[in-house]
Amino acid sequence: VQLQACGGGLVQAGESLRLSCVASGSINSFVMAWYRQAPGKERELVARITPGGATEYVDSVKGRFSISRDVRKMTLYLQMNGLKPEDTAVYYCNAGRGFCDLWGQGTQVTVSS
């Protein structure tokens with residue numbers, strides 16, 4: 001399975017973006033996640049969704065971001081509302097299952113104040 005992320009861009013603080021990650025195969029059995037990496041910082045987990053639909057978020061995005069998946073479209077989404085300058089980063093999608101750990105290329109999100 002290969003992952004292709006898109007949807008990033010330049011927005012102003014308070015605006016919204018939706019990131020998409022399209023998989024080349026089924027994602028039903030994978031734990032899917034979005035990570036981000038800001039300049040000079042380590043990559044961090046932003047949100048995760050299990051095959052059963054359970055979700056978790058890093059505290060800094062709770063109430064603003066929403067992760068979802070469409071298994072028929074083999075697509076993972078990250079709806080980002082109320083964006084802040086500190087959300088500026090390269091966002092990566094990830095699929096994990098056992099020893100299998102797949103990454104898509106990043107998509108840049110830049111939030112201006």
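1. Basis. This is a predicted model, in which local features need pLDDT of at least 70, side-chain atom pairs count only at pLDDT 80 or more, and totals for chains, interfaces and linings use all residues. Residues are numbered from 1 along each chain as its sequence is written, and side-chain values use heavy atoms, with hydrogens and water left out.

2. Ala-5. Ala-5 lies in strand S1, residues 3-6. Strands are DSSP runs of E, at least two residues, numbered from the N terminus. Ala-5 has a relative accessible area of 4% and is therefore buried (under 20%, 1.4 Å probe, protein chains only).

3. Its neighbours. Leaving aside residues up to four places away in sequence, Ala-5 touches Ser-20, Cys-21, Trp-34, Cys-93, Gln-105 and Thr-107. Contact means heavy atoms within 4.5 Å.

4. The sheet. Four strands form an open sheet in the order S1-S3-S8-S7, with antiparallel pairing. The edge strands, S1 and S7 (65-70), each pair on one side only. Pairing requires at least two DSSP bridges between two strands.

5. S7 and S8. S8 covers residues 75-80 and pairs with S7 in the antiparallel sense over six bridges. Ser-68 has Tyr-77 in S8 as its bridge partner.

6. The core. The largest nonpolar core has 29 residues; Trp-34, Leu-78, Met-80 and Tyr-91 have the most contacts inside it. Such a core is a set of buried Ala, Val, Leu, Ile, Met, Phe, Trp, Tyr and Cys residues joined through side-chain atoms within 4.5 Å. Elements giving two or more residues to this core include S1, S3 (17-23), S7 and S8.

Technical notes. Buried < 20%, exposed > 50% of the residue type's maximum accessible area, 1.4 Å probe, protein only.
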